[in-house]
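Student: Before I look at the details, could you take me through this structure by question and answer, giving the cut-off behind each term as it comes up?

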Amino acid sequence: MEDLLAARAQMAMSLAFHIIFASIGIAMPLLMVIAEGMWLKTKDETYLTLAKRWSKGTAIMFAVGAVSGTVLSFELGLLWPGFMAYAGPIIGMPFSLEGLAFFVEAIFLGIYLYGWERVPKTVHWFAGVMVLVGGMLSGIFVVTANAWMNTPTGFSIVEGKVTNIDPIAAMLNPSSFSQALHMTLAAFLAVGFAVAGIHAYFLRRDPDNPFHRKAFAIALCVGGVVALLQPISGDISAKRLAKHQPVKLAAMEGQWETERGAPLRIGGIPDEEDEVTRYAIEIPKALSFLAHFDFNAEIMGLKDVPPENRPPVAIVHFAFQIMVACGIVMIVAGILGGWLAWRQKGLPVNSWYLRFVTYCTPLGFIAIEAGWTVTEVGRQPWVIYDIMRTADAVTPMPNLVIPFIGFTVLYIFLSVIVVILLRRQIFLN
Amino acid sequence: MLNLEIWIAGVMLISLIIYMLTGGADFGGGVWDLFATGSRAKTQRNLITNALAPIWEANHVWLIVIVVLLFVAFPVAFATIGTALHIPLTLMLIGIVLRGTAFVFRTYDDQSDKTHLRWSRVFAIASIITPIMLGVTLGAVASGTIHVDVETGTVDTDFFSSWFAPFPFAIGFFTLTLCALLAAVYLTLETDNSELQKDFRVRALIAAVSVGAMAGISFLLSAKGAPSIRQGLGNSVWSIPFHILTGAVAVCAIWSIWRRYFQLARVLVPIQVVLIIFGWGLAQFPYIVAPNLTFSNTAAPDSVLRPVLIVVIIGGVMLVPAFWYLYAVFKGTSRTS
């Protein structure tokens, strides 16, 4: 295996692993805080049991997220020293802020997980809120740094040297808002449906179980509401891409020709040899409309870019289709749930609906992985868009396939254990 | 007024000291988990687990702070260390991952003795590898063997020789003994059980003597292994009084453990650790990676350093009450045993 490919594979694998646990770490505190808040308000002990049960699963996820995040912060230097020597100071502000947010998260997590018997009830609930705030801010800051790689701003290059660094401008680059919004919502969406799906599974066997009914209600509300918000954030992202990263948008859509009134493609197989996308269902002019709010707006095609500056089109296109498909299923589940609840004036525990939500369990996480594939592969061959190539950032270290295999084996091992332990937590009672 | 990069370097040194005093002791807990022996082995392990559980993740964040400040403020140094010391850092990361995960897995896996012991072993061994590799990395950085072209940032390295040498490993084991000492001293005060207290008193004494031995060995090896550090530690104006002070604190620390003045030992041992790390920092100054990279020739521009320093100081001040509360809840006098 070529060293550059091994480095990319290790980074991709590390990110793909971490993002699952990071998302859970961002979103689970919301569910726990809601459950504990309901307990404080209603004095119904079921809610307390629920908050405690959820916090046990979350403790495992948090630890894995914290250590795999540490690996990533080191891997930036271990695998991409060229990138970090160049970009470290420019994107230092969000990383510094992320460090502080991580402190908030970790300190209050300790109080939350181990302080049930030691601190007053309201202080405990407040600790949960701080974990939520710390986790969300950490995620937002890190995504901001990634956004800078897509739309680098806040510096100038004079005679090949970086000067005039403005860390605040770099942090507030054009992609920051849309990416941070999309990822934060995605975390709540994925976790909401995953948790709702697990409790739906139990409700099908035991529809009157008060524990699972309350759990299902909270998780479905979070997932359902966010499912309706996420398309708005997706639209903001698409318009940002059309403006700032037209090549990535073209790859996502399999758009080869620059044209006015470009169609939206559903499915299809991009052929990078012949530079066409075959077998797609095309909705006329829809892409132009979605990207620019104008049916006849011009969309840039991949043929305008020299082949060596194009990302791998098929991967980006497929990943984008998978993300959107998962999102649509969850939107349908959210709307159906809301409609059923309104019609029946109660929790939608119809057997077929519970089955549907059970099938939704993994979809949010699949969408997250697919979405990051779009973001990261779609930026290639650049590590800093239009400025530094990924190949120029990699370490001179040889035999990178060894750490890649090492971390892969380690992460597979951890995944297996986490699944076993979660099954134990979930099925124990 | 000192240059901004010196302030950042100071913040990094303080972070490293706090990381050693808190996170280092957590690794030391792993050492004593491995050496839990006798009829009280299980209660020893439980004591260590309860001491670590609420705080280890917060303690761990100090390492992230150090890494982030390193790449923000001294990007070329970060790239150099990441390149030349790829192998020990990777081993350290594997240690960090296994330590943290084994610790929580042990709590949430089935509680049979066999499973429990298996996770304990993983936790303990990872807790030993991590500080050794951290020490090896710091030792290699101090050794003056990592050569860099400051202009291009090209690192001249074979990826092995700068760290796979006696001096870095001496620092690695030195770090480990410091972690073990801190943990044993803290643990004497985590319990009211006099038998357990006795166990950790003996362990603290063993660790204190080992720290002395490793300090001596490291100093001897530094003559060949890290000549510029040796120069700083041996010949500066401040060096003789500093050695005397550190040695005196170490002797008093051993005496206080011996006489069972554990409250006093919990003050003296951290002071000893602070002096050791501080002395190393002074001896290495102005080099961040000897012999080519200094704090000033690798520093990011002031337009970067100023806002970061402001954020770190304001954020740090805001975090103090939170940290204080965490430790008050779990380590305060109201603690139930």
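Student: Is the crossing of α5(B) and α6(B) left-handed or right-handed?
Tutor: Helices (H or I, at least four residues) and strands (E, at least two) are DSSP runs, numbered from the N terminus. A crossing counts as left-handed if the near helix is turned anticlockwise from the far one by less than a right angle, and as right-handed if clockwise. The crossing of α5(B) and α6(B) is left-handed.

Student: Which pLDDT do local features need in this predicted model?
Tutor: Residues are numbered from 1 along each chain as its sequence is written, while chains are lettered from A and ligands numbered from 1 in the order in which they are written. Side-chain values use heavy atoms, with hydrogens and water left out, and in this predicted model totals for chains, interfaces and linings use all residues, side-chain atom pairs count only at pLDDT 80 or more, and local features need pLDDT of at least 70.

Student: Are α5(B) and α6(B) roughly parallel or roughly antiparallel?
Tutor: Helix α5 (residues 86-108) and helix α6 (residues 113-143) of chain B pack at about 150°, their axes being 7 Å apart, where axes are lines fitted to C-alpha atoms, for helices over the stretch in contact, and angles run from 0 to 180 degrees between N-to-C directions. Angles under 35 degrees count as roughly parallel, over 145 as roughly antiparallel, 65 to 115 as roughly perpendicular and the rest as oblique. The pair α5(B) and α6(B) is therefore roughly antiparallel.

Student: At what angle do helix α1 and helix α15 of chain A pack?
Tutor: The axes of helix α1 (residues 3-42) and helix α15 (residues 401-427) of chain A are 9 Å apart. α1(A) and α15(A) are roughly parallel to each other, with a crossing that is left-handed. The angle at which they pack is about 20°.

Student: Is A:S237 buried or exposed?
Tutor: A:S237 is found in helix α8 (residues 210-244) of chain A and, leaving aside neighbours within four places in sequence, is in contact (heavy atoms within 4.5 Å) with A:S178 and A:H182. Buried means under 20% relative accessible area, exposed over 50%, and partly exposed in between, with a 1.4 Å probe and protein chains only. Because its relative accessible area is 12%, A:S237 is buried.

Student: What is the phi of A:K345?
Tutor: A:K345 lies in the loop between α11 (313-344) and α12 (351-359) of chain A, and at 70% relative accessibility A:K345 counts as exposed. Most residues other than glycine have a negative phi. In A:K345, a residue other than glycine, phi is positive, near 55°.

Student: Which residue does a cis peptide bond join to B:F285?
Tutor: Most peptide bonds are trans. Omega is about 5° at this cis bond, and the loop concerned lies between α11 (262-284) and β3 (287-289) of chain B. The residue joined to B:F285 is B:P286.
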